[in-house]
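Subject: Handing over the structure

Hi,

Here is the structure I promised to pass on. Have a look at it first, then read my notes below.

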Amino acid sequence: MDEQSQQPYTAGAGSALHVLAREFLSADDAARYAHERVGRRRDSGYFGYILQRSDRRFVITEPAEQPVSVVSHHQVIPDDHVLHGRFYSHPALSTLDAGKVAQLKWSVEDATTSLLMFSVTQLRNILASDYPAYLSGAEDSLIAFTPGGPRTLSLLGQLGTALAPGELARGIETGAVKPEQLVVEAAAAGDLQVLISNGRWRPRGKVTGERVPGPWERTVPERVSFGAVFPSADEAALDRYSRDAGHHDEEQTWFGFILKQQGKEEYVATELVPVGGVRDKLYSLRSLFSESRTLETIYPESFIPHSYFYSRQLVKD
């Protein structure tokens, strides 16, 4: 985690918020970056803030083991920034108390779901604050939850408080209710999205109900992923290459696009698409972008295509 941070912002003794320098077009992309920075560090949970600047770009604070006080977060947010959401990460499956798992009569799948999903305490905080939140439940899993809808208050009642837990919270604590039910209830009480899928738990996209076993076919994403904003196409491409090094060992060809902000030297790289099928032909725009009613391709802000990105596995002996 060696990225240069912006100057720490302080507001009183012992209070400092370290904002990372990279900026993103969306909160989702800032959360993906935080997820990548946590990576394999699964010895404990981490916490960070996603902030939106006055120019509408998003930044992330350095994920830390101990969260900044939820009560005092307004005191440490820098000027020209507002709090947009929170980022959490969970420790590895191996860190769970085996005795507690046995007591709850959880299967391995139940234990895994408990880490891939927000905890009862986290959901209470999210619902009470009404801010979006992101969870890096594992190295290969990232979800987002935005509370809202007629069942939000109902879920908050089912969760209760730490001193007076509701029925759902008590059921989770005793093992009478499995972690999967928490997923279903949250999905009904807001917008629960899988941003990065591990290919086993749930597919990418909106969670609409109980789990449907995979594998799942790739679909055009509703929320396209972009890298950070860079001052040159080369830097955007190099960043994409370094972030997707895992693709280089797969027997697969991948492609993406570098977009440029019209009138500015600002560049972003899209996520990569595996070549395959009729829709996902090499450099097919409709593999990533939807079209307007007038059949014009929809790009973020005033960005337009600038160049292509191509990746193929290394030749193996």
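What follows is a short tour of what turned up, strand by strand and ring by ring.

First, some housekeeping. This is a predicted model, where local features need pLDDT of at least 70, side-chain atom pairs count only at pLDDT 80 or more, and totals for chains, interfaces and linings use all residues. Residues are numbered from 1 along each chain as its sequence is written, and side-chain values use heavy atoms, with hydrogens and water left out.

Eight of its eight residues are buried, so β3 is largely enclosed by the rest of the structure. Buried means under 20% relative accessible area, exposed means over 50%, and partly exposed is in between, with a 1.4 Å probe and protein chains only. In a regular strand the side chains alternate between the two faces of the sheet. In β3 both faces are covered: Y46, G48, I50 and Q52 are buried on one side, and F47, Y49, L51 and R53 are buried on the other.

β3 has two partners (strands pair if DSSP finds at least two bridges between them). Eight bridges tie β3 to β5, residues 81-89, in an antiparallel arrangement, with F47 opposite Y88. Strand β4, residues 58-60, is also antiparallel to β3 and is joined to it by three bridges; here L51 stands opposite V59. β3 and β4 make a hairpin with four residues between them, and R56 in the turn has a positive phi of about 75°.

G214 lies in the loop between β9 (205-206) and α9 (233-243), and is partly exposed at 37% relative accessibility.

Now, which residues of α9 are buried? They are A233, A236, D239, R240 and R243. Seen down the helix axis, they fall within an arc of 130°, so they line one face of α9 (the arc is that of the directions from the axis to the C-beta atoms). D234 and L238, on the other side, are exposed. The cover over the buried residues includes α1 (27-38), β10 (253-261), β11 (267-269) and β13 (303-312), where contact means heavy atoms within 4.5 Å.

On to the aromatics. The structure holds 12 aromatic pairs. Rings of Phe, Tyr and Trp (its six-membered ring) pair if their centres lie within 6.5 Å; planes under 30 degrees apart are stacked, over 60 edge-to-face, and the rest tilted. F255 and Y283 have ring centres 5.9 Å apart and planes at 80°, so this pair is edge-to-face. The two are 28 residues apart, with F255 in β10 and Y283 in the loop between β12 (273-274) and β13. F255 is buried, at 0% relative accessible area, while Y283 is partly exposed at 27%. A tilted pair comes from F257 and F289, at 6.3 Å centre to centre and 50° between the planes. These two are 32 residues apart, linking β10 with the loop between β12 and β13, and both are buried. One aromatic cluster takes in F226, F255, F257, Y283, F289, Y299 and Y308.

Y283 also has a positive phi of about 65° although it is not a glycine. D80 has a positive phi near 65° as well; D80 sits in the loop between α2 (73-76) and β5 and is exposed at 57% relative accessibility.

Last, the cores. A nonpolar core is a set of buried Ala, Val, Leu, Ile, Met, Phe, Trp, Tyr and Cys residues joined through side-chain atoms within 4.5 Å. The largest has 37 residues, and F118 and L192 have the most contacts inside it. Apart from it lies another core of 24 residues, among them I60, Y134, L142 and A269.

Enjoy exploring!
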